[in-house]
Amino acid sequence: MARKRPQLSHRSLRVYAFDPSRGKRPDNRLTVAVPWEENLKRGPEGKKIAVIDYDGSNDCYYEGVDLGESGILGQSGLEPSEADPQFHQQMVYAVTMDTVRRFEAALGREVRWRRDNTPKESRYHGVLKVYPHAFQEANAYYDPQLRALLFGYFKANEFDAGVSLPGQAVFTCLSQDIVVHETTHAIIDGIREHFVEPTGPDAAAFHEGFADIIALLQHFSFKET
């Protein structure tokens, strides 16, 4: 009789601990453990989030990564890379799911997104949509109406590129802090939808400050960095 395979509890995935500007330093590489999803689809597309790699500026899709592929699964995911869109998809999935996991542990219950008014039979009903290459702009944000995280990309300034090379492509989806920050906005919106309404001058400041604090504190939970 065939032996039953033990139920897996988590999936290990490699990510940037900070962002690509720190290069290949050991403290910029991190492996996170996210909850195992047996029926994770290519994208990745799971129970809580769906990574949709549509580039709005160029009107094209990038093929979604299959994290269940043996060569990927057996090596804790793809190697961190600025040039590989499929690693970008892995990065946003891993960091978003890791953030959700930590909130659920703190809250003692499952995280739920804002109410979804789309038809229940629609493909992405009930999940948070994540677009790693949503537009060509130096910005990233959570859109409550789309129930989505949208990450931009841009070219570093030719004259003031900071830590990047002049003209280098910079992807906001590869910054752990930015992904955690935007995921926190979505989680807060799911806890209490009206928190996003500008009821006073401090409403937006609360959201931004709280999301920044979560992104900062999350670094202290990683033993590898």
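The buried residues of helix α4 pack against α2 and α3 (176-191); contact here means heavy atoms within 4.5 Å. Buried stands for under 20% relative accessible area, exposed for over 50%, and partly exposed for what lies in between (1.4 Å probe, protein chains only). Helices (H or I, at least four residues) and strands (E, at least two) are DSSP runs, numbered from the N terminus. This is a predicted model, in which local features need pLDDT of at least 70 and side-chain atom pairs count only at pLDDT 80 or more, while totals for chains, interfaces and linings use all residues. Residues are numbered from 1 along each chain as its sequence is written, and side-chain values use heavy atoms, with hydrogens and water left out.

**Helix α4**

- Helix α4 covers residues 203-219, which makes 17 residues.
- From its first C-alpha to its last, α4 reaches 25 Å, close to the 24 Å expected at 1.5 Å a residue; the expected span is 1.5 Å times one less than the number of residues.
- The buried residues in α4 are A203, H207, A211, I214, A215, Q218 and H219.
- These residues lie on the same side of α4, because they cover an arc of only 160° around the axis; the arc is that of the directions from the helix axis to the C-beta atoms.

**Backbone exceptions**

- Most residues other than glycine have a negative phi, and most peptide bonds are trans.
- The peptide bond that joins G43 and P44 is cis, with omega about 0°.
- P44 has its place in the loop between β2 (29-35) and β3 (49-51).
- S76 is not a glycine, yet its phi is positive, at about 60°.
- The loop between α1 (70-73) and α2 (85-107) holds S76, and S76 is partly exposed at a relative accessible area of 24%.
- R147, also a residue other than glycine, has a positive phi near 55°.
- R147 is found in the loop between β7 (140-143) and β8 (148-155), and R147 is buried, with a relative accessible area of 6%.

**Cysteines**

- The structure holds 0 disulfides, a disulfide being a pair of cysteine sulfur atoms within 2.5 Å.
- C60 is in no disulfide, and the nearest cysteine sulfur, that of C173, is 14 Å away.
- C173 is likewise in no disulfide, with the sulfur of C60 as its nearest cysteine sulfur.
- C60 counts as partly exposed at 25% relative accessibility, whereas C173 is buried, with a relative accessible area of 0%.
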